[in-house]
Amino acid sequence: MTVYPAIDLMAGSAVRLRQGDPARQVVVAQDPVSLARRWEAEGADWLHLVDLDGAFSGHPCHLDLIGRICGAVEIPVQVGGGLRSLADVDAVMAAGAARAILGTAALQVGLLEEALARFGDRIVAALDARDGMVVTEGWQCTSRASVVETARRLAAAGVHRFVYTDVACDGMLAGPNMSGLAAVVAASRVPVVLSGGIATLDYLRRAEAAGADGAIVGRALYDGRFTLAEAVAAAAGSG
């Protein structure tokens, strides 16, 4: 199972939010490029990068910074946040992203299919959920779509990989929604990356046992709950 250190961008810095609330942010690094190099040096195989300003505004806001981060490391970077059109996906790929993560846009008829036709397995769908329902527009709107039914539908449409986040767990260090993860894994039958709430190494082991293909870790790393090397070892079953 792959461990993805999270770098969330807001106003040019790397920040952490709680439950996606921009009013509850903590700056973890003034220089996200150096932060990306640090995670690579500490053993990351991938980086998970989110343009939070883009997620809230509906269009990418940090393409230049994303490009500098992708150019500063040799490991692949998956990028999300505000990718609401095919032009946005083109732009983030041109900036150096190995994968583009579509959230709100993944629910738009036609756009997902076009992105999959052009980029194949480099397209990831974000399944962001609150109380089992999909949330969109930077987690500000709750849809009427069940996250499990959406996972099933998007997998049938050709999505190769999901990132599943229970918004209530994000940034809270109170544990991920493991039952929600298991339901999404069972419904989609494609690789699922878990995000939100991972506070201990044991949660990484449990996520792997529940069928997760990867886990995104943010606040626990920044708070020093464990090191990236310890997380990678736990995810590999050797720690």
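Q: Where is Ala-235 placed?
A: Ala-235 lies in helix α10; helices here are DSSP runs of H or I with at least four residues, strands are E runs of at least two, and both are numbered from the N terminus. The model is a predicted one, in which local features need pLDDT of at least 70, side-chain atom pairs count only at pLDDT 80 or more, and totals for chains, interfaces and linings use all residues. Residues are numbered from 1 along each chain as its sequence is written, and side-chain values use heavy atoms, with hydrogens and water left out.

Q: Is Ala-235 buried or exposed?
A: Ala-235 counts as buried because its relative accessibility is 5%. Buried means under 20% relative accessible area, exposed means over 50%, and partly exposed is in between, with a 1.4 Å probe and protein chains only.

Q: What does Ala-235 touch?
A: Leaving aside residues up to four places away in sequence, Ala-235 touches Met-1, Val-3 and Glu-208. Contact means heavy atoms within 4.5 Å.

Q: And how far is Ala-235 from Val-134?
A: The two are 101 residues apart in sequence, and their C-alpha atoms are 27 Å apart in space.

Q: How do α8 and α10 cross?
A: Their axes come within 8 Å and cross at roughly 30 degrees. Axes are lines fitted to C-alpha atoms, for helices over the stretch in contact, and angles run from 0 to 180 degrees between N-to-C directions. The helices α8 and α10 are therefore roughly parallel to each other; angles under 35 degrees count as roughly parallel, over 145 as roughly antiparallel, 65 to 115 as roughly perpendicular and the rest as oblique.

Q: Which residues meet there?
A: From α8, Leu-201, Leu-204, Arg-205 and Glu-208 meet Glu-230, Ala-231, Ala-234 and Ala-235 of α10. By class, this contact of α8 with α10 holds five nonpolar, no polar and three charged residues. Ala, Val, Leu, Ile, Met, Phe, Trp, Tyr, Cys and Pro count as nonpolar, Asp, Glu, Lys and Arg as charged, and the others, Gly among them, as polar.

Q: Moving on, where is Ala-212 found?
A: Ala-212 is in the loop between α8 and β12 (214-217). Ala-212 is buried, with a relative accessible area of 7%.

Q: Which residues does Ala-212 touch?
A: Not counting residues up to four places away in sequence, Ala-212 touches Met-1, Leu-181, Val-192 and Ala-207.

Q: Which residues of α7 are buried?
A: In helix α7 (residues 178-188), the buried residues are Met-178, Gly-180, Leu-181, Val-184, Val-185, Ala-187 and Ser-188. They pack against β7 (123-130), α6 (147-156), β10 (162-166), β11 (192-195) and α8 (201-209).

Q: What comes just after α7?
A: Arg-189 follows, with a positive phi of about 60 degrees.

Q: Changing topic, in what sense do β2 and β3 pair?
A: Strand β2 (residues 13-18) and strand β3 (residues 21-29) pair in the antiparallel sense over five bridges. Two strands pair if DSSP finds at least two bridges between them.

Q: What is the bridge partner of Ala-14 in β3?
A: The partner is Ala-29. In the hairpin of these strands, with two residues between them, Gln-19 takes a positive phi near 55 degrees.

Q: Lastly, which residues of α1 meet α3?
A: Pro-32, Val-33, Ala-36, Arg-37 and Glu-40 in α1 meet Leu-65, Arg-68, Ile-69 and Ala-72 in α3. The residues of this contact of α1 with α3 comprise six nonpolar, no polar and three charged.
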